[in-house]
Amino acid sequence: MTTSQHDTSAAALAEALPPVPKRFFSGTHRAVSPEETMARLRPLMPVMGITRVADVTGLDTLGVPVVMVTRPNARSLSVSQGKGLTLAAARASGLMEAVEHWHAERVQLPLKLGTVNELRFRHRLVDVSALPRLSISAFHDDLRLHWVIGMDLVAGAPTWVPFEVVHTDYSLPLLSASGCFVMSSNGLASGNHPLEAISHALCELIERDAATLWWLAGEEHHRRTRIDLSTVDDPSCRALLDGYERAGIEVYVWDITSDIGVPAFYCTLVDREPNPHRPIAPMGGYGCHPARGVALSRALTEAAQSRLTVITGARDDVRVAGNGPDDDLAAARGFLASHGGGPAARSFLDAPDRAGATLDDDVTWELDRLRTAGIDQIVAVDLTRPELGIPVVRMVVPGLEPLYDIPGYVPGSRARRSLLERAA
């Protein structure tokens, strides 16, 4: 993941690495099949504290493969979820999520301790003013932070970023000066190849940013961007939609693609006739990828995964408001009542669609789209452990918004601009 420090073109990243062809195309684009990924990861499970990969698909009625991957001694999430068009794909997805969290909990890169004012004359620093902030943040340029080095893929230059936006070790006590920036797993990804990890991480960052801008745009914008599902022509997505129809599920999809231009969708699933004896609130999922079919498939399957997250009770933070079965039933009925009228206005075919032949093509295009939108720093922190050989990366992109519903999140410049446009 290096380029010449004098070459600032996004294409230089692809040119500096051997081309990586895609060899798996069912619901996602990968360098190898899920079965090959599983064969590689299975011997390493004990090393990373993974004790179980549970198939929970049958706990719901949708038939979309979903698994839970358990790490009892995790320092962040002890349960990771995976989903896919096949059980093998779901298992690979869940294991890779657990793997990347383990790496980010146990970062072994050298750290620096210093303030912005102490470091900025001798080190290239990320633009901390554009990183997602918290309302309780006490950050200032003379506050001593821990920093870790990454590579800016735009400038091709080593760049230091606050360690707080890289690691996921949430065990107490936290490092000194924690709480300045949003701590999350946003932009953390693993892959069968470094470029696969980079692409996945960039798509997640672009997706979260697009989701926040879309939610802030208001109801009229939401109405205009709802997808007419009869226009969906991707075979994998059509199979998912047909399965949801047979299961008695209403599917709502919105095109949330932002000015960055990488296809992104939001999907909500709700029982057509909510069952008082098994109430499930409307559950959503997001997806983003250069290929619009893959982006929609990710949103459709993530929504199914969200339902099973609630059904299994795998995440304590899903019900932070204390809502119980009666609230879930009311939410499902209310959603159906408020979304039942009016036709969907947008065609799936109106979304961008730019699937590259190689992973290099995807990453180069994603970088170009970000730069076109005014993003001038795109930093990759390589968390790969040489002894394990699984590519893991944390992408840090100042200026992009995190998910809007993070407690204490302060809207950044892109979100504030969206709010101003809505008010105009």
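Biologist: How do the residues of the lining of the largest cavity divide into nonpolar, polar and charged?

Modeller: First, the basis: this is a predicted model, in which local features need pLDDT of at least 70, side-chain atom pairs count only at pLDDT 80 or more, and totals for chains, interfaces and linings use all residues. Residues are numbered from 1 along each chain as its sequence is written, and side-chain values use heavy atoms, without hydrogens and water. Rolling a probe the size of a water molecule over the atoms shows where empty space is left. A cavity is a set of points on a 1 Å grid over the protein atoms alone where a 1.4 Å probe fits but cannot get out; lining residues have an atom within 4 Å of a point. Here the lining comprises ten nonpolar (Ala, Val, Leu, Ile, Met, Phe, Trp, Tyr, Cys, Pro), two charged (Asp, Glu, Lys, Arg) and two polar residues (the others, Gly among them).

Biologist: How much space lies in the largest cavity, and which residues lie nearest its centre?

Modeller: The largest cavity holds about 210 Å³, a volume being the space filled by probe spheres set on the points, joined across faces, edges and corners. Nearest its centre are Pro132, Val165, Val182, Asn186 and Leu205.

Biologist: In what order do the three strands of the open sheet stand?

Modeller: Strands are DSSP runs (E, at least two residues), numbered from the N terminus, and two strands pair if DSSP finds at least two bridges between them. The order is β1-β2-β3, with antiparallel pairing. β1 (52-55) and β3 (79-83) each have a single partner strand, so one side of each lacks a neighbour in the sheet. Between β1 and β2 (residues 66-70) there are four bridges; Asp55 has Val67 in β2 as its bridge partner.

Notes:
1 Å grid on protein atoms, 1.4 Å probe; cavity = no way out; pocket = protein on both sides within 12 Å on 5 of 7 lines; lining within 4 Å.
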